[in-house]
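Please read it alongside the sequence and the structure shown here.

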Amino acid sequence: MPAFFNHVFQCLWQERTKVIALMLVLALVAPQPAKAQFIDWAAIVAAINAIGTAINNVIGGGLQAINTALGAVNNILNTINSFFQTQIYPPAAINRARGVVGVVQGIYNVIRGLVNLNVASATLANPSQLENVLLSRNPANIGQVSGRYTTVYQPLPASTDAPPAVRDMIDMTDATAEAGMKKAIAIDAAADQLMDASDQLASELGQAAPGTAPMIEAESAAMLVKAHALTQSALAELFRIRAIDIANTGAALKFNANNASDTRRDLTNMFKK
């Protein structure tokens with residue numbers, strides 16, 4: 001019950017102006033009461049004011065303390081906001097970073113244009129077909145390499161046309177050459193994918209809010225790791241091609257040594273006769 005009365009008093013106090021105005025209107029329009037029914041409006045108004053004064057005396061100090069505390073909290077929040085704007089995420093630095101992103105994107109566009117330059121140089125039909133496949137940057141064309149390679153560089157000699165050792169060396173050389181060509185197509189396609197990812201990340205960085213930029217930077221770091229892996233794969237293919245070249249040189253020396261040995265043996269047998 002006390003809580004109910006307190007609520008009623010608070011409502012009356014908050015609307016005291018309207019209550020007083022309503023009472024005055026009622027006093028003017030109501031019929032004049034008999035002497036014995038006279039209402040002391042001044043006493044009622046005084047009582048209402050007394051109630052308001054009492055309420056104000058009871059909770060006024062608490063409200064003032066709350067207001068002071070809210071002001072202190074607001075000052076702290078303003079200080080924190082100012083610190084973020086001037087120290088952690090200053091607008092001028094953010095705008096400069098976005099400008100750098102735009103410049104770097106322009107450099108990427110130039111690099112993409114250089115990568116996609118047409119360097120095809122073959123003029124005859126068969127070499128042109130092989131060259132088009134090798135420069136297609138399309139992994140779906142890898143299956144065409146072997147047939148067009150054989151057309152240009154000739155098939156493996158029959159067993160009746162070359163000794164087994166020579167055929168083995170030719171087959172290994174052809175296999176390494178074809179593998180290098182196929183790997184080049186795959187690496188070109190992977191490079192295009194990395195360039196597309198780089199363009200997308202650069203675009204996102206140019207529009208990202210400061211709080212989300214680290215996530216995009218993490219994606220960029222992961223993409224950089226993939227690019228390094230791709231570079232290592234290409235380097236490994238170069239090592240394989242260089243290794244087969246050295247192996248062919250060694251095999252040629254071995255063939256020459258065997259031929260010299262056979263020649264000496266034939267000469268010795270001839271003089272013995």
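## An exposed valine and its patch

Val-119 counts as exposed because its relative accessibility is 52%; buried means under 20% relative accessible area, exposed over 50%, and partly exposed in between, with a 1.4 Å probe and protein chains only. Val-119 is located in the loop between helix H4 (91-115) and helix H5 (125-134), where helices (H or I, at least four residues) and strands (E, at least two) are DSSP runs numbered from the N terminus. Together with Val-110, Leu-114, Leu-117 and Leu-135, Val-119 forms a nonpolar surface patch with about 470 Å² of accessible area. Patches are made of residues with over 30% relative accessible area and no salt bridge, like charges being joined within 9 Å and nonpolar side chains (Val, Leu, Ile, Met, Phe, Trp, Tyr) within 5 Å. Accessible areas come from the Shrake-Rupley method with a 1.4 Å probe, and for residues only the protein chains shown count as cover.

## Basis of the model

The model is predicted: local features need pLDDT of at least 70, side-chain atom pairs count only at pLDDT 80 or more, and totals for chains, interfaces and linings use all residues. Residues are numbered from 1 along each chain as its sequence is written, and side-chain values use heavy atoms, with hydrogens and water left out.

## Overall fold

The protein chain has eight helices and zero strands, giving the pattern α-α-α-α-α-α-α-α along the sequence. Of its 273 residues, 15% are buried. The chain exposes about 19,500 Å², of which carbon and sulfur atoms supply 65%.

Contact means heavy atoms within 4.5 Å. Among contacts in the chain with a separation of 6 or more, 68% join residues 24 or more positions apart.

## Nonpolar cores

A nonpolar core is a set of buried Ala, Val, Leu, Ile, Met, Phe, Trp, Tyr and Cys residues joined through side-chain atoms within 4.5 Å. The largest one has seven residues, namely Leu-130, Val-133, Leu-134, Val-145, Tyr-149, Met-181 and Ile-185. H5, helix H6 (145-153) and H7 each give two or more residues to this core, and H5 provides the largest share, three residues.

Leaving out residues up to four places away in sequence, Val-133 touches Asn-141, Gln-144, Val-145, Arg-148 and Ile-185. A second, separate core of five residues includes Ile-187, Leu-194, Leu-201 and Leu-230.

Glu-237 is placed in helix H8 (residues 213-272) and counts as buried because its relative accessibility is 6%. Its side chain reaches the backbone nitrogen of Gly-180 at 3.2 Å. Such a polar contact is a pair of N or O atoms within 3.5 Å; within protein, one must be able to donate a hydrogen and the other to accept it, and residues adjacent in sequence count only if both atoms are side-chain atoms. Not counting residues up to four places away in sequence, Glu-237 touches Thr-176, Ala-179, Gly-180 and Lys-183.

Thr-176 lies in helix H7 (residues 164-207) and is buried, with a relative accessible area of 8%. The Thr-176 side chain reaches the backbone oxygen of Met-172 at 3.0 Å. Beyond its neighbours within four places in sequence, Thr-176 is in contact with Glu-237, Arg-240, Ile-241 and Ile-244.

## Salt bridges

The whole structure contains four salt bridges, each being a side-chain nitrogen of Lys or Arg within 4 Å of a carboxyl oxygen of Asp or Glu. In one of them, Asp-188 meets Arg-137 at 3.8 Å, N to O. Asp-188 lies in helix H7 and Arg-137 in the loop between H5 and H6, so this pair ties together parts 51 residues apart in sequence. Asp-188 is partly exposed at 21% relative accessibility, whereas Arg-137 is buried at 19%. Arg-137, Asp-188 and Asp-192 are linked in a network of salt bridges.

Arg-240 is partly exposed at 42% relative accessibility. Asp-245 and Arg-242 also form a salt bridge, at 2.8 Å, N to O; being three residues apart in helix H8, they are separated by about one helical turn.

## Backbone exceptions

Most residues other than glycine have a negative phi. Arg-137 has a positive phi of about 60° although it is not a glycine. Gln-154, in the loop between H6 and H7, also has a positive phi, near 75°.
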